[in-house]
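Please walk through the model below, from the terms used to the overall fold, the core and then individual residues.

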Amino acid sequence: MPVRRFTPEGLLQPTPYHHVAVGTGSRHVHVSGQTASLADGTTVAPGDLSGQVAQALRNTARGLAGAGATFDDVVRLTIYVTRWKPEKIGAFMAGVESVADEIGLPQPLPPSSLIGVDCLFDPGVLVEVEATALVD
């Protein structure tokens, strides 16, 4: 396996993600910020954080697949959520859990950062997901 994920003793546990990933591979794959849109630009789940998280992760999986990668190859996820408040974690995780099996998203997640932002490029976009992977 090109990526080994773990949480060393002494780091905060439990968390919904691993703290460390060690990857080996000859190709870096970077998937740009994916949102909850279909190929034609239609927004999926307007106003629904859980639904938008699920669709953004589906789109991230498509981007990875296009480069011959899967979430097993991911060493880092960066997730931006508009108007973030800690109370939104339930809806956020519901979106993750609803799609994890479908797209092969490991849980705990790869090392991840969830970053709250005022807005993204479009006021209807609630979440954006970026991924970095290493592939042999």
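A residue is called buried when its relative accessible area is under 20%, exposed when the value is over 50%, and partly exposed in between, using a 1.4 Å probe and protein chains only. By that scale Arg-83 counts as partly exposed, because its relative accessibility is 45%. This is a predicted model, in which local features need pLDDT of at least 70 and side-chain atom pairs count only at pLDDT 80 or more, while totals for chains, interfaces and linings use all residues. Residues are numbered from 1 along each chain as its sequence is written, and side-chain values use heavy atoms, with hydrogens and water left out.

The protein chain contains two helices and six strands. These elements are DSSP runs numbered from the N terminus, with helices being H or I runs of at least four residues and strands being E runs of at least two. Their order along the sequence is β-β-β-α-β-α-β-β.

Overall dimensions come next. The C-alpha atoms fill a box of roughly 40 × 35 × 25 Å along the principal axes. The radius of gyration of the protein chain is 14 Å, which agrees with a compact globule of 136 residues, because such a globule would have a value near 14 Å. That radius is taken over C-alpha atoms, and the globule rule is 2.2 Å times the number of residues to the power 0.38. Of the 136 residues, 42% are buried. The accessible surface of the protein chain is about 7000 Å², and carbon and sulfur atoms hold 54% of this surface. Accessible areas come from the Shrake-Rupley method with a 1.4 Å probe, and for residues only the protein chains shown count as cover.

Contact means heavy atoms within 4.5 Å. Among contacts in the protein chain with a separation of 6 or more, 73% join residues 24 or more positions apart. As for charge, the mean positions of the 9 positive and 14 negative charges are 2 Å apart. Here Lys and Arg count as positive and Asp and Glu as negative, while His and the chain ends are not counted. Each charge is placed at NZ of Lys, CZ of Arg, CG of Asp or CD of Glu.

What is meant by a nonpolar core? The term denotes a set of buried Ala, Val, Leu, Ile, Met, Phe, Trp, Tyr and Cys residues joined through side-chain atoms within 4.5 Å. The largest one has 29 residues, and the members that touch the most other members are Leu-57, Leu-64, Phe-71, Phe-92, Val-96 and Leu-105. Two or more residues of this core come from each of β3 (27-34), α1 (49-66), β4 (74-82), α2 (89-103) and β6 (127-135). Helix α1 gives the most, with seven residues. Beyond its neighbours within four places in sequence, Val-96 is in contact with Val-53, Leu-57, Leu-105, Gln-107 and Leu-109.

Helix α1 also holds Asn-59 and Arg-62. Asn-59 counts as buried because its relative accessibility is 10%, whereas Arg-62 counts as exposed because its value is 54%. Leaving out residues up to four places away in sequence, Asn-59 touches Gln-34, Thr-35, Ala-36 and Ser-37.

The peptide bond from Gln-13 to Pro-14 is cis, with omega near -10 degrees. Pro-16 is partly exposed because its relative accessibility is 38%. Not counting residues up to four places away in sequence, Pro-16 touches Met-93, Pro-108 and Leu-109. His-18 is buried because its relative accessible area is 19%. With residues up to four places away again left out, His-18 touches Arg-5, Phe-6, Thr-7, Pro-108, Leu-109, Pro-110, Pro-111 and Ser-112.

Pro-108 lies in the loop between α2 and β5 (112-117). The peptide bond from Gln-107 to Pro-108 is cis, with omega near 5 degrees.

Two backbone angles remain. Ala-45, in the loop between β3 and α1, has a positive phi of about 55 degrees although it is not a glycine. Arg-83, in the loop between β4 and α2, has a positive phi near 45 degrees and is likewise a residue other than glycine.
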